[in-house]
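Subject: Structure for you to look at

Hello,

I am handing over the structure we spoke about. The sequence and the coordinates come first, and my notes on what I found follow.

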Amino acid sequence: MSGPNLLLTRIDNRLIHGQVGVTWVNHLGANLVVVANDKVAEDNVQQNLMDMVLPDVIQTRFFSLQKTIDVIHKAAPRQKIFLVVRDVHDALTLKEGGVPMDHINVGNMHYEKGKKQISSTVSVDEKDIKAFKRLDELGVELDLRGVPEERGQNIIDLL
């Protein structure tokens with residue numbers, strides 16, 4: 001049996017918002033957006049707000065990281081999955097847990113105290129850098145870009 005039809009994984013601390021809900025979903029041809037995040041999996045208010053951004057024809061699932069690891073391989077081939085995570089650590093947990101991602105779009109990681117800005121939309125600290133380097137070691141392509149039309153950059157080159 002082949003793996004899930006995972007079109008793309010995106011790191012975006014905003015999770016589902018206009019850019020994700022319209023631009024990326026349309027570009028990819030996704031019909032299912034899976035948000036893998038432990039907090040959001042238990043927060044119906046956030047889930048409802050994110051659902052409002054997406055067209056009615058796009059399904060959503062809000063799973064904890066462990067549930068994503070447990071069920072992603074059970075996805076039907078007709079499910080064209082766009083996987084969205086909040087940060088690089090969630091992405092690494094999923095990859096090390098067996099989620100078959102070979103390409104990650106790095107979209108947005110807000111600046112916080114203790115982080116350095118490496119692009120207009122991405123700021124990292126030492127723990128983030130370590131996680132990105134581990135994903136790179138695992139063979140994951142790390143493409144920094146906000147929207148599909150932008151030319152991507154390998155985030156490893158910016159670290």
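Predicted model: local features only at pLDDT ≥ 70, side-chain atom pairs only at ≥ 80, totals over all residues.

Salt bridges

Arg134 pairs with Glu96 in a salt bridge, and the closest N and O atoms of the two are 3.2 Å apart. This pair links distant parts of the chain, with Glu96 in helix H4 (residues 88–96) and Arg134 in helix H5 (residues 126–137), 38 residues apart.

The count of salt bridges in the model comes to six. Another one of them joins the side chains of Lys115 and Asp128, at 2.9 Å from N to O. Lys115 sits in the loop between E5 and strand E6 (116–117), while Asp128 belongs to helix H5, so this bridge ties together parts that are 13 residues apart in sequence. Both ends are buried: Lys115 has a relative accessibility of 15%, and Asp128 has 3%.

Asp12 counts as buried because its relative accessibility is 0%, under the 20% limit. Arg10 is buried as well, its relative accessible area being 0%.

Around Asn108

Asn108 is placed in strand E5 (residues 103–108). Is Asn108 buried or exposed? With a relative accessible area of 6%, Asn108 is buried. Leaving aside neighbours within four places in sequence, the contacts of Asn108 are Ile11, Asp12, Asn13, Arg14, Thr121 and Val122.

Leu15

Leu15 is worth a look for its backbone. Its phi is near 60 degrees, a positive value in a residue other than glycine. Leu15 lies in the loop between strand E1 (6–12) and helix H1 (18–28). At 0% relative accessibility, Leu15 counts as buried.

The largest pocket

The largest pocket holds about 220 Å³ of space. Its lining is made up of Asn13, Arg86, Asp87, His89, Met109, His110, Glu112, Lys115, Asp125, Lys127 and Asp128. Sorted by class, the lining has seven charged residues, three polar and one nonpolar.

Pro77

Last, a loop position. Pro77 is found between helix H3 (65–71) and strand E4 (81–85). Its relative accessibility is 69%, so Pro77 counts as exposed, the cut-off being over 50%. Between Pro77 and Pro100 there are 14 Å in space, C-alpha to C-alpha, and the two are 23 residues apart in sequence.

Regards

Methods. Residues numbered from 1 in each chain as written. Heavy atoms only, no water. Helix = DSSP H or I, 4+ residues; strand = E, 2+ residues; numbered from the N terminus. Buried < 20%, exposed > 50% of the residue type's maximum accessible area, 1.4 Å probe, protein only. Contact = heavy atoms within 4.5 Å. Salt bridge = Lys/Arg side-chain N within 4 Å of Asp/Glu carboxyl O. 1 Å grid on protein atoms, 1.4 Å probe; cavity = no way out; pocket = protein on both sides within 12 Å on 5 of 7 lines; lining within 4 Å. Points joined across faces, edges and corners; volume = space filled by probe spheres on them. Nonpolar A, V, L, I, M, F, W, Y, C, P; charged D, E, K, R; others polar.
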